[in-house]
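Please look through the structure shown here before reading on. The paragraphs after it are meant to be read alongside it.

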Amino acid sequence: MGGRIDLTPLLPLYAGGFLCFAANMTVNLFIAPVVRVGAGVTGAGVGLFQMVIGLGSIVGLSLGGRAGDRGEGREWLVFCFFGQLTAMSLHVAATSHLTPPGLPSQILVALAIFVASTSLFSLMPVLSARIIQTSEGAPLAMAVNGSVNSMGQALGSAVGGFALATVGVPGIPLSAICISVAGLVMTALLIPRRTSPAPVGPL
């Protein structure tokens, strides 16, 4: 009790959450211009697309929670980053007007938002389970994880704002693609494959 905690083994896990939040929030924090340019929707209609974020989070937490219970590791996390990458590519297609305007582009943007949210919230339970196992449940380790995720959101805000100011709306998801690729490569190289499944407590 009271011993020092070595956070070094957790750094790749922290980096995974940091980069996934950064990629997601690069777009989500600028969802209004992304929806306006990509789907042609403004005003109160943007709120409907924001609701899709919540729907994706519910689906993602369900999938990720089960994956964490199974002891999933690197493959699942790579899959989640690949989902982020796919979602941001769909946003690029929509904001670059590569799809017909109207309903087709609206469906594409809604799908991109759903896939991105599902991917982020599928990743988080698995990362949390790995952090708990690696640190033997140390409260400090989980506290640092929350702070790192907030830092990822801050990075996403900065990157999205810079892309919007310098490149325009299509630059927002393009920047998120770059972050997603970095997260995917880092995860594939530095995070171990699996852990033991989480123990089932007494009924």
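Predicted model: local features only at pLDDT ≥ 70, side-chain atom pairs only at ≥ 80, totals over all residues.

Residues are numbered from 1 along each chain as its sequence is written, and side-chain values use heavy atoms, with hydrogens and water left out.

The account begins with helix H1, residues 11–28, where tyrosine 14 is found. Helices are DSSP runs (H or I, at least four residues), numbered from the N terminus. Tyrosine 14 counts as buried because its relative accessibility is 4%; buried means under 20% relative accessible area, exposed over 50%, and partly exposed in between, with a 1.4 Å probe and protein chains only. Tyrosine 14 and isoleucine 131 are 117 residues apart in sequence, yet their C-alpha atoms are 8.5 Å apart in space.

Next comes the loop between helix H2 (31–39) and H3, which holds glycine 40. With a relative accessibility of 59%, glycine 40 counts as exposed. Its C-alpha atom is 7.5 Å from that of proline 101, a residue 61 positions away in sequence.

Two packed helices are described by the angle between their axes and the distance between the axes. Helix H3 (residues 45–69) and helix H5 (residues 103–135) have axes that come within 6 Å and cross at roughly 35 degrees. Axes here are lines fitted to C-alpha atoms, for helices over the stretch in contact, and angles run from 0 to 180 degrees between N-to-C directions. The crossing of H3 and H5 is right-handed, a term used if the near helix is turned clockwise from the far one by less than a right angle. In the contact of H3 with H5 there are 16 nonpolar and 10 polar residues, and no charged ones. For this count, Ala, Val, Leu, Ile, Met, Phe, Trp, Tyr, Cys and Pro are nonpolar, Asp, Glu, Lys and Arg are charged, and the others, Gly among them, are polar.

How many salt bridges does the structure hold? There is 1, formed by arginine 70 and glutamate 72, whose closest N and O atoms are 3.4 Å apart. A salt bridge is a side-chain nitrogen of Lys or Arg within 4 Å of a carboxyl oxygen of Asp or Glu. Arginine 70 is partly exposed because its relative accessibility is 39%, whereas glutamate 72, at 14%, counts as buried.

Helix H4 contains phenylalanine 79, which is exposed, its relative accessibility being 53%. In the loop between helix H4 (74–95) and H5 lies histidine 97. The phi angle of histidine 97 is near 60 degrees, a positive value in a residue other than glycine. Histidine 97 counts as exposed because its relative accessibility is 55%.

Glutamate 136 is placed in the loop between H5 and helix H6 (139–166). Its relative accessible area is 75%, so glutamate 136 is exposed. Isoleucine 177 is 41 residues from glutamate 136 along the chain, and their C-alpha atoms are separated by 34 Å.

Finally, valine 181 lies in helix H7, residues 171–190, and is partly exposed at 37% relative accessibility. Val181, Val185, Leu189 and Leu190 form a nonpolar surface patch with about 380 Å² of accessible area together. Patches are made of residues with over 30% relative accessible area and no salt bridge, with like charges joined within 9 Å and nonpolar side chains (Val, Leu, Ile, Met, Phe, Trp, Tyr) within 5 Å.

How values were computed
Helix = DSSP H or I, 4+ residues; strand = E, 2+ residues; numbered from the N terminus. Areas by Shrake-Rupley, 256 points an atom, 1.4 Å probe, with all protein chains shown as cover.
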